[in-house]
Amino acid sequence: MKNLLLALISAFACALPAVQAQSLPAEPLDSIVAVIDDDIVLRSELDRDVQMIRQQYASNPQQLPPMDVLERQVLDRLILLKLQVANANSNGIKIPDSEVDQTLGRIAEQNNMSVAQMRQALQAQGQSYEQFRRNVRDQLIVQALQQRMVQRRVQISDAEIESVLKNGKLRRGQIHLAYILVGLADGATPDQIEEARKKAEDVKTQVDGGMDFAAAAIRYSDAQNALDGGDLGWRPYDQVPGAFADVAEQMQPGQVSVPMRGPNGFHIIKLIERRDQNTQLVTEYHTRHILIKTSELTSNEQARSTIESLRARIEAGEDFGKLAKQYSEDTNTGNLEGDMGWYPKEGYGSQVSQALDALKENQISQPFETELGWHVLQLLGTRTSDKTEDMERSQARQMLISRKAEDEYQSFLRQLRSESHVEVRLPGGSADTGGSAG
């Protein structure tokens, strides 16, 4: 089973490893291995993440590249993570403790254990739960940054959606891919392009000769998911790059493509599996809520205390709608007695979705926190609707967003890296500020 911190990097979806006898040194000799603007990466941080990769592949160590290459891959990922977190912090992106706690709960559940058991498992591996929690927060911050960048930079018109639907360009179903990227920096010279092309062709030759694709990705790929074997996981067909989808449509499961030139290098993809999509029946929820916002004038504790008091009044018999109209600070629903209308489970975000999981019809939730403040929620009813047409429009929109967003965010990462002072202090490292985002 895989390591918890690797599960975090892989969208919190992998399983825990068995407890390893070997753990990190209790008191490592520390030094600085990279300087990133006003931040640093310590040797202990790098050693910790490298050790986790080695534990993950303990049964197949031959899949890992030489130690110097592995260290540089892990360090590049740490540098990019710190750059993104710093950018998010400077733009006021924050993740509430409650969201971190909820994510930790989901990770534990996915690994069939409680949070307390997960803490013990981490300690048994020589890992710090507090550090794990900080890493979870950092990953959530990066996700929020990506969402904000997409919202700002990617615009989709109704005409574009209609064109996709009219021209039959919408692919239905899901696809499971892995890929290898031989990266190119912006402004690469013809000689650099030719060198990358030859490297990609050599990688393809090795895979055709029997080298495991995941091992090749770990050893050769410049993509951010290289250390996950290049695995992209299951995605809706049209939420992968268009070139990938076009090629994969002509492939059989298990096949590997020839190298393809893309905007950031040469790509080799492997089709792992595909599955069809049929009629989309969606469960919708009808709810109402009361929101008490946090602000400079209302502390988090004051907002929580107010919402707890309102919930107690509802439980004592007062009308939910009247209290919502009088006290709720949601300008969209307050005058509607808190009515949020009908929506799919994830329509109002993960915190509302989790509150719905615990409710039966007409029940009132326990107070819960979002980035807006504190809420109580009442489930009024559920229904099943045929949303095939709506889903197709949504899928078309998401396809267009994904294709534009992938390039936009990679461009943003390259710009972020090039505008930052990054000094690598590993053997063979460079003080150059430029670099490929992967």
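1. A residue counts as buried under 20% relative accessible area, exposed over 50%, and partly exposed in between (1.4 Å probe, protein chains only). By that scale R383 is partly exposed at 37%, while E284 is buried at 5%.

2. A word on the basis: this is a predicted model, where local features need pLDDT of at least 70, side-chain atom pairs count only at pLDDT 80 or more, and totals for chains, interfaces and linings use all residues. Residues are numbered from 1 along each chain as its sequence is written, and side-chain values use heavy atoms, with hydrogens and water left out.

3. E284 and R383 also meet through their side chains in a salt bridge, at 2.8 Å from N to O; the term means a side-chain nitrogen of Lys or Arg within 4 Å of a carboxyl oxygen of Asp or Glu. E284 sits in strand β7 (residues 281-293) and R383 in strand β10 (residues 373-386), so distant parts of the chain, 99 residues apart, are linked. Strands (E, at least two residues) and helices (H or I, at least four) are DSSP runs, numbered from the N terminus.

4. The structure holds 21 salt bridges. Among them is the pair of R119 and E130, at 3.5 Å. R119 belongs to helix α5 and E130 to helix α6, so the bridge ties together parts 11 residues apart in sequence.

5. Do look at the open sheet, where 4 strands follow the order β4-β3-β6-β5 with antiparallel pairing; strands pair if DSSP finds at least two bridges between them. Its edge strands are β4 (231-236) and β5 (260-262).
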